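Visitor: Can you walk me through this one? I'd like to start with a helix and then go on to the charged pairs.
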Amino acid sequence: MLTRTRHGQFEYEPAVDAGALKRDIGRFLEAIGRREDVSGAPQSLYAAVAPPLDAEAKRAGAKRLVLWLDGALRYIPFAAL
């Protein structure tokens, strides 16, 4: 994961199992499509990928976050997190 702020560019390697993350994203999207209760899924996906982004945005005082996603991450509905 790469972040860029006015303070510089930083790279983070989240400690997640890529296969498990893909499965979780797929299950989340399927549940949304079936209009099931997905109340627990957003928190677990957020916990898997967002803490470094959140911490860096807070440190930089960011008012806007632009995501350029690749791989399985592009399928995460970040607005739902």
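Guide: One definition to begin with: the expected span of a helix is 1.5 Å times one less than its number of residues. Keep in mind that this is a predicted model.

Visitor: OK. How many residues does α1 have, and how far does it reach?
Guide: Helix α1 covers residues 18–33, which is 16 residues. From first C-alpha to last it reaches 23 Å, close to the 22 Å expected.

Visitor: Which residues of α1 are buried?
Guide: Leu-21, Ile-25, Phe-28 and Ala-31. Seen down the axis of α1, these buried residues fall within an arc of 130°, so they line one face of the helix.

Visitor: And what do the buried residues pack against?
Guide: They pack against α2, residues 41–49.

Visitor: What's exposed on the other side of α1?
Guide: Lys-22, Arg-27 and Gly-33 are exposed there.

Visitor: What happens at the start of α1?
Guide: A side-chain oxygen of Asp-17 comes to within 3.1 Å of the backbone nitrogen of Gly-19. Just after α1, Arg-35 has a positive phi of about 60°.

Visitor: Switching topic. How many salt bridges are there in the whole structure?
Guide: A search finds six. One of them joins the side chains of Asp-24 and Arg-27, at 3.5 Å from N to O.

Visitor: How far apart are Asp-24 and Arg-27 along helix α1?
Guide: Asp-24 and Arg-27 are three residues apart in α1, so about one helical turn separates them. Asp-24 is partly exposed, with a relative accessible area of 34%, while Arg-27 is exposed.

Visitor: Which residues pair up in α3?
Guide: Arg-59 and Glu-56 both lie in helix α3, residues 51–60, and are also three residues apart, about one turn. Their side chains meet in a salt bridge of 2.8 Å, N to O.

Visitor: Is Glu-56 buried or exposed?
Guide: Buried, at 6% relative accessibility; the cut-off for buried is under 20%.

Visitor: How accessible are Glu-36 and Arg-34?
Guide: Glu-36 is partly exposed at 42% relative accessibility, and Arg-34 is partly exposed at 48%.

Notes. Residues numbered from 1 in each chain as written. Predicted model: local features only at pLDDT ≥ 70, side-chain atom pairs only at ≥ 80, totals over all residues. Heavy atoms only, no water. Helix = DSSP H or I, 4+ residues; strand = E, 2+ residues; numbered from the N terminus. Buried < 20%, exposed > 50% of the residue type's maximum accessible area, 1.4 Å probe, protein only. Arc of directions from axis to C-beta. Contact = heavy atoms within 4.5 Å. Polar contact = N/O pair within 3.5 Å; in protein donor to acceptor, adjacent residues only side chain to side chain. Salt bridge = Lys/Arg side-chain N within 4 Å of Asp/Glu carboxyl O.
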